[in-house]
Amino acid sequence: MSALVEIFADGACRGNPGPGGWGALLCYGEHERELWGGEAHTTNNRMELTAVICAAEVLQRPSRLRIVTDSQYVMHGMTQWLAGWKRRGWRTADGKPVKNQDLWQRLDRLLEPHQVEWTWVR
(Lines give C-alpha, C1' and ligand atoms only; values in the text may rest on other atoms or scores of the structure.)
Protein backbone atom coordinates (compact mmCIF):
# COMPACT_ATOMS: atom_id res chain seq x y z
CA MET A 1 0.00 0.00 0.00
CA SER A 2 1.36 3.41 -0.90
CA ALA A 3 1.58 6.55 1.22
CA LEU A 4 -1.48 8.34 2.54
CA VAL A 5 -3.69 10.26 0.12
CA GLU A 6 -5.98 12.76 1.80
CA ILE A 7 -9.20 13.67 0.01
CA PHE A 8 -11.17 16.71 1.14
CA ALA A 9 -14.57 16.54 -0.55
CA ASP A 10 -17.67 18.71 -0.48
CA GLY A 11 -20.85 19.21 -2.44
CA ALA A 12 -23.70 21.69 -2.28
CA CYS A 13 -26.92 22.64 -3.98
CA ARG A 14 -28.97 25.85 -4.26
CA GLY A 15 -32.44 24.51 -3.65
CA ASN A 16 -32.76 20.78 -3.21
CA PRO A 17 -33.10 19.87 -6.04
CA GLY A 18 -31.55 22.71 -7.95
CA PRO A 19 -28.21 23.76 -9.43
CA GLY A 20 -25.34 22.13 -7.57
CA GLY A 21 -21.59 21.89 -7.44
CA TRP A 22 -18.86 19.79 -5.92
CA GLY A 23 -15.18 20.10 -5.23
CA ALA A 24 -12.38 17.86 -4.04
CA LEU A 25 -8.78 18.43 -3.01
CA LEU A 26 -6.38 15.48 -3.12
CA CYS A 27 -3.16 15.78 -1.11
CA TYR A 28 -0.31 13.30 -1.48
CA GLY A 29 2.93 14.35 0.19
CA GLU A 30 3.93 17.64 -1.43
CA HIS A 31 1.44 17.22 -4.28
CA GLU A 32 -2.07 18.65 -4.49
CA ARG A 33 -4.77 18.31 -7.11
CA GLU A 34 -8.05 20.21 -7.23
CA LEU A 35 -11.15 18.87 -8.94
CA TRP A 36 -14.56 20.47 -9.32
CA GLY A 37 -17.76 20.39 -11.31
CA GLY A 38 -21.48 20.85 -11.18
CA GLU A 39 -24.88 20.00 -12.56
CA ALA A 40 -27.82 22.20 -13.51
CA HIS A 41 -30.42 20.10 -11.70
CA THR A 42 -29.33 17.83 -8.86
CA THR A 43 -29.46 17.31 -5.09
CA ASN A 44 -27.07 18.09 -2.27
CA ASN A 45 -26.53 14.38 -1.56
CA ARG A 46 -25.67 13.62 -5.19
CA MET A 47 -23.09 16.42 -5.19
CA GLU A 48 -21.55 15.17 -1.92
CA LEU A 49 -21.23 11.67 -3.42
CA THR A 50 -19.93 12.98 -6.75
CA ALA A 51 -17.09 14.86 -5.03
CA VAL A 52 -15.75 11.63 -3.50
CA ILE A 53 -16.37 9.61 -6.67
CA CYS A 54 -14.47 12.04 -8.90
CA ALA A 55 -11.56 12.14 -6.46
CA ALA A 56 -11.42 8.33 -6.33
CA GLU A 57 -11.52 8.10 -10.14
CA VAL A 58 -8.15 9.84 -10.52
CA LEU A 59 -6.30 7.41 -8.22
CA GLN A 60 -4.00 5.18 -10.23
CA ARG A 61 -3.07 2.51 -7.68
CA PRO A 62 -4.41 1.05 -4.44
CA SER A 63 -3.74 3.58 -1.70
CA ARG A 64 -4.36 4.44 1.91
CA LEU A 65 -7.06 7.10 1.84
CA ARG A 66 -8.28 9.55 4.44
CA ILE A 67 -11.53 10.98 3.14
CA VAL A 68 -12.59 14.16 4.92
CA THR A 69 -16.22 15.19 4.47
CA ASP A 70 -18.94 17.20 6.17
CA SER A 71 -21.52 14.73 4.83
CA GLN A 72 -22.69 12.22 7.40
CA TYR A 73 -24.85 10.82 4.58
CA VAL A 74 -21.77 9.83 2.56
CA MET A 75 -19.70 8.67 5.54
CA HIS A 76 -22.49 6.64 7.18
CA GLY A 77 -23.59 5.28 3.82
CA MET A 78 -20.16 3.80 3.19
CA THR A 79 -19.34 2.73 6.76
CA GLN A 80 -22.70 1.69 8.23
CA TRP A 81 -25.47 1.28 5.65
CA LEU A 82 -23.82 -0.14 2.51
CA ALA A 83 -23.51 -3.75 3.66
CA GLY A 84 -27.19 -3.90 4.60
CA TRP A 85 -28.30 -2.29 1.34
CA LYS A 86 -26.35 -4.88 -0.63
CA ARG A 87 -27.66 -7.74 1.51
CA ARG A 88 -31.25 -6.53 0.96
CA GLY A 89 -30.85 -6.10 -2.81
CA TRP A 90 -30.39 -2.31 -2.64
CA ARG A 91 -33.36 -1.75 -0.34
CA THR A 92 -33.37 0.29 2.86
CA ALA A 93 -34.23 -1.27 6.22
CA ASP A 94 -37.90 -0.33 5.62
CA GLY A 95 -37.91 -1.94 2.16
CA LYS A 96 -37.69 1.20 0.00
CA PRO A 97 -35.24 1.48 -2.90
CA VAL A 98 -31.93 3.10 -1.93
CA LYS A 99 -31.75 6.67 -3.22
CA ASN A 100 -28.73 7.43 -5.42
CA GLN A 101 -28.06 3.70 -5.89
CA ASP A 102 -26.12 4.41 -9.09
CA LEU A 103 -23.65 6.62 -7.23
CA TRP A 104 -23.36 4.33 -4.18
CA GLN A 105 -22.52 1.37 -6.44
CA ARG A 106 -19.96 3.42 -8.35
CA LEU A 107 -18.32 4.67 -5.15
CA ASP A 108 -18.27 1.17 -3.67
CA ARG A 109 -16.46 -0.18 -6.75
CA LEU A 110 -13.98 2.71 -6.78
CA LEU A 111 -13.03 2.44 -3.11
CA GLU A 112 -12.81 -1.38 -3.05
CA PRO A 113 -9.04 -1.61 -3.74
CA HIS A 114 -8.18 1.09 -1.19
CA GLN A 115 -7.71 1.16 2.56
CA VAL A 116 -10.15 3.92 3.58
CA GLU A 117 -10.39 5.98 6.75
CA TRP A 118 -13.33 8.40 7.03
CA THR A 119 -13.17 11.69 8.90
CA TRP A 120 -16.23 13.83 9.47
CA VAL A 121 -15.94 17.59 9.96
CA ARG A 122 -18.68 20.12 10.73
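**Pockets and helix packing in a predicted model**

The second largest pocket is lined by Asn45, Tyr73, Trp81, Trp85, Thr92, Val98, Lys99, Asn100 and Trp104. The model described here is predicted. About 200 Å³ of space lies in this second largest pocket. Helix H2 gives the most to the lining, with three residues. By class, the lining of the second largest pocket has five nonpolar residues, three polar residues and one charged residue.

Two of the lining residues, Tyr73 and Trp104, also take part in the packing of two helices. Helix H2 covers residues 72–87, and helix H3 covers residues 101–111. Two packed helices are described by the angle between their axes and the distance between the axes. For H2 and H3, the angle is about 95° and the axes are 11 Å apart. That makes H2 roughly perpendicular to H3, because angles of 65 to 115 degrees count as roughly perpendicular.

On the H2 side, the contact is made by Tyr73, Val74, Gly77, Met78, Leu82, Trp85 and Lys86. These residues meet Trp104, Leu107, Asp108 and Leu111 in H3. The contact of H2 with H3 divides by class into eight nonpolar residues, one polar residue and two charged residues. Trp85 belongs to this contact and also to the lining of the second largest pocket.

Aromatic pairs form a further feature. The structure holds five of them. A pair of aromatic rings is described by the distance of the centres and the angle of the planes. One of the pairs joins Tyr73 and Trp104. Their ring centres are 5.1 Å apart, with 65° between the planes. The pair is therefore edge-to-face, since planes over 60 degrees apart count as such. Tyr73 lies in helix H2 and Trp104 in helix H3, so the pair ties together parts that are 31 residues apart in sequence.

The largest pocket draws on other elements. About 300 Å³ of space lies in it. The largest pocket is lined by 13 residues. Of these, Val5, Leu26, Tyr28, Val58 and Leu59 lie nearest the centre of the pocket. Strand S2 (18–28) and strand S3 (31–42) each supply at least two residues of the lining. The lining of the largest pocket divides into six nonpolar, four polar and three charged residues.

Two loops carry backbone features. The peptide bond from Asn16 to Pro17 is cis, with omega near 15°. Pro17 lies in the loop between strand S1 (4–13) and S2. In the loop between H2 and H3 lies Trp90. Phi of Trp90 is near 60°, a positive value in a residue other than glycine.

Conventions:
Residues are numbered from 1 along each chain as its sequence is written. This is a predicted model: local features need pLDDT of at least 70, side-chain atom pairs count only at pLDDT 80 or more; totals for chains, interfaces and linings use all residues. Side-chain values use heavy atoms; hydrogens and water are left out. Axes are lines fitted to C-alpha atoms, for helices over the stretch in contact, and angles run from 0 to 180 degrees between N-to-C directions. Helices (H or I, at least four residues) and strands (E, at least two) are DSSP runs, numbered from the N terminus. Angles under 35 degrees count as roughly parallel, over 145 as roughly antiparallel, 65 to 115 as roughly perpendicular and the rest as oblique. Contact means heavy atoms within 4.5 Å. Ala, Val, Leu, Ile, Met, Phe, Trp, Tyr, Cys and Pro count as nonpolar, Asp, Glu, Lys and Arg as charged, and the others, Gly among them, as polar. On a 1 Å grid over the protein atoms alone, a cavity is a set of points where a 1.4 Å probe fits but cannot get out, and a pocket is an open set with protein on both sides within 12 Å along at least five of seven lines; lining residues have an atom within 4 Å of a point. Grid points are joined across faces, edges and corners, and a volume is the space filled by probe spheres set on the points. Rings of Phe, Tyr and Trp (its six-membered ring) pair if their centres lie within 6.5 Å; planes under 30 degrees apart count as stacked, over 60 as edge-to-face and the rest as tilted.
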